[in-house]
Amino acid sequence: MARKVLRDDEPDLNKGEVVEGTNFDFDLFIIGAGSGGVRAARFSSNFGAKVGICELPFDPISSETIGGVGGTCVIRGCVPKKILVYGASYGGELEDARNYGWELSEHIDFNWKKLLQKKTDEINRLNGIYKRLLSNAGVKLFEGEGKIAGPNEVEVTQLDGTKLSYTAKHILIATGSRAQRPDIPGKELGITSDEALSLEEFPKRTVILGAGYIAVEFASIWRGMGSDVNLVFRRELPLRGFDDEMRAVVARNLEGRGINLHPRTNLKELIKTDDGIKVITDHGEELIADAVLFATGRAPNSKRLNLEKVGVEVDKSGAIKVDEYSRTNIPSIWAVGDVTNRFNLTPVALMEASLFAKTVFGGESLKPNYNDIPYAVFSIPPLSVVGLSEEDAIEKTNGDVLVFTSTFNPMKNTISGRQEKTIMKLVVDAQTDKVLGASMCGPDAPEIIQGIAIALKCGATKAQFDSTVGIHPSAAEEFVTMRTVTRRVTGGAKPKTSL
Amino acid sequence: MKQAMATSLSLSCCSPSLTRNTLFFTKTFPFSRSFSLPQSLSTKTLISLSPPRRTFAVRAESQNGAEPAGHYDFDLFTIGAGSGGVRASRFASNFGANAAICELPFSTISSDTTGGVGGTCVIRGCVPKKLLVYASKFSHEFEESNGFGWRYDSEPKHDWSSLIANKNAELQRLTGIYKNILKNNNVKLIEGRGKIVDPHTVDVDGKLYTAKNILVSVGGRPFIPDIPGKEYAIDSDAALDLPSKPEKIAIVGGGYIALEFAGIFNGLKSEVHVFIRQKKVLRGFDEEIRDFVEEHMALRGIEFHTEESPVAITKAADGSLSLKTSKGTVEGFSHVMFATGRKPNIKNLGLESVGVKIAKDGSIEVDEYSQTSVPSIWAIGDVTNRINLTPVALMEGVALTKTLFLNEPTKPDYRAVPAAVFSQPPIGGVGLTEDQAVEQHGDIDVYTANFRPLKATLSGLPDRVFMKLIVSAKTNQVLGLHMCGDDAPEIVQGFAVAIKAGLTKADFDSTVGIHPTAAEEFVTMRTPTRKVRKSHASQDKSDSEAKAAAGS
């Protein structure tokens, strides 16, 4: 997710191969109608540009030739994932209800197929809404696979195999990314998050390989719905890159909710048996599963775009190289979103796309700003962060760092009896009093962090947090009532752990 | 030197081993005060109604309570161990003062002779209320869960008595924790009724204690109007501790207490009728929020009777109650609850005899430093009827102890105090309402969002979320933020930091959203829903409107 800065200069729209005054079919042609592509199309059109966009045919499972308007976020990412998280969260809620006086029937049934159908209906509805957004904005949508045919030319292969060719003053690549599988024997028996969101049968026994946010979210989803979940990952703790203390809390919470963690473990082989998939770990352990999910990373969708034809540069991971304005080395070709592998989040793709449109068609040269981007892991309970982790703050700050933490039993748990603590953390620059990072693991964390993110983005100090009155009784009020420093870390001190 | 010592003490005064939420932060009830405080305060607190006094510098010199107590038993004697009193006495003690506090014996129902350490917030306010809100919210979640594939063989049933038993066990635990907090902070706790005898003496059940400073933090109590049959009515104290669940309840009042209890009993499957004198609920709140919350509570089955004033309650032979109003009579209630306001607990405190001035509303009159008309007597919290919220009482308590014991004259800052209503759906807000903003700032831009959240599209329930930002057209500063919908109280807290810091709409826009959340809507509102201009028809208006539209 590291930001890549390739160029520092202002974009010059008149340089290179951007030809003025020629008769192009479009001012802008976009390959890929996901979050970034749709946003760029709409905004550019609103600025008066003539815009075309192409997208692969719709299906929940993506492939080289399958996609759908709305993209990963809407069809096989944020939205369906969150729907399943909601569905799974009732599992815990039902447990919590009992001590609040609710008498529930012995037998409570969870019908996966029903949820799946409703999820699919909702995705279809959203897919339609996105198509309408495009047509209402006057954007011409083509169904088919888009490829670069020249610096100002795109070729779209339609479903029936016929090829269309269009010229455009600017081309924007917004083809996103796709889940990858590790290269182990039996890998074809495993699934990726695409399939996991659309399984025909609910998997009662599951193995998940990976420790990123996707792995952790699916572990919570399946566990909440009653599956026996094994989460296998190479390191000591899940969620590498996050604040270490938060990682430990997430691990504890996952275990507390009944997920079996297998740290420092990798998968060696998958074997099909009558009883299910036999999963062999590198410790020689054997697990039996109905579904094995590979959540081991995603790769940019750049291979079939014919980039080499015009020489668009990609990096080792296949991500398209762009400058700070999202422009590739070919001046008429731009790229936004996951295909550039900067900060792979929908709101970031939206930001990149909006600023692309403003830069190219709105008469303002604007670079996306990647500071203090908040984000969330929708595990149960969720984790959300903005700004620096404690480790990053210690590394990046010259002076001392003040760490304020609060670990508490949320009020709801006082009666439900659930043994699960919420933890909140503020990391403060001792010299300037500026809040460098905020993180939280506990119910509603993503909703709570959003407002905190504005304060951080605008350089708020700890004193400004303290001067804000709390909302009582809430969990969020803890962020404005942290009076006592938990620890003071001397600048330059190395992080305590290497997890 | 003294200050440095006190500061280091203040760092240690929050024992990290104490866990949160229900402990230190305790809220009391605002009466019908609106979210935004500058306005209401300007009439009451900021412009002091009391006669001119010595300047503060002089007072701080002469009254520094951290000086040796001399011939007094205590530096600070606090009457009332609720949110404000416990906070003030703890901090005072940590700042080096010799502190004592008195409180009535514990009972879930308050009276002239019962109270309890922890006060309204812990025993009969915020905490038990929120626990019942949690309990009642499950029924909505059961309904939602059907849309997510969950199915129950039989309808979930609720057992009121086990809820109340569990709630009371928790309250006992909390009041014990509060007592420990006082003990661990070396505050002497005296059980009994405190009464001021002279400016430096408090009588607790016949025993006299002298103090350099006396703090009155006795809070408020529910008020039931004097109508025939009022003896059949219950107040919020009783409603939180009923022996059985109401089958059919009339709730009189349209403030936040009324709405919260309406939601609680509706969620627990009572038939709920709310009677309000006005056309709308929640006077003082933003108009759109008022409309939205009422509409959505009605969708969940609560019946609102608007513009009806209570006239009398009668009891039928079968024991059921009838409520007669200015418009007619509704029969068959098992309970009639009055949520018609709260009054400061100023009786039998000896205030009049020592010359402490009482305001017209029955509250203790204080200046900006919480000092009463008697220089050695101070008052904080609901008894002063400023903004009746626990976090505000805490703020007043901290400010007072800094003034008295740290030589740092500190006024509580009432700007941009956020507040929540734990109705179902809940409300959160901070800053000005639209009407206040227009009045104070003239030209404003209003951004609103009214949407069906992702959860509701699957559950099939008619739940929606309403959000609103009010922005100064001149300065771009965000003046007010309001929300009604799931998680509103949690969501608004972070935004309150931003609004208190005076951030602008551009600052909001520059913040990246967290997807998919409801909260991200507050940072992705691109087009004003309306622009309110005191001076109409300016040329740039259409220009900026066109630009805003293009940005959507």
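Across the interface of chain A and chain B of this predicted model, the rule finds zero salt bridges, a salt bridge being a side-chain nitrogen of Lys or Arg within 4 Å of a carboxyl oxygen of Asp or Glu.

In chain A, 84 residues are in contact with 91 residues of chain B, contact meaning heavy atoms within 4.5 Å. The area buried between chain A and chain B is about 7800 Å², 66% of it from carbon and sulfur atoms (accessible area, 1.4 Å probe, lost on putting the two parts together and summed over both). On the side of chain A, Tyr90(A), Trp102(A) and His472(A) lose the most area to chain B, together 11% of what that side buries.

Trp102(A) also stands opposite His158(B) in E4(B). Strand E3 (residues 102–103) of chain A and strand E4 (residues 157–158) of chain B pair in the antiparallel sense over two bridges, where strands are DSSP runs of at least two residues, numbered from the N terminus, and pairing needs at least two DSSP bridges.

As for confidence, chain A averages a pLDDT of 94, and 94% of the residues score at least 70, on the predictor's scale from 0 to 100 for each residue. Over residues 1–11 of chain A, pLDDT stays under 50.

Residues are numbered from 1 along each chain as its sequence is written, and chains are lettered from A and ligands numbered from 1 in the order in which they are written. Local features need pLDDT of at least 70 and side-chain atom pairs count only at pLDDT 80 or more, whereas totals for chains, interfaces and linings use all residues, and side-chain values use heavy atoms, with hydrogens and water left out.

Key: Helices (H or I, at least four residues) and strands (E, at least two) are DSSP runs, numbered from the N terminus.
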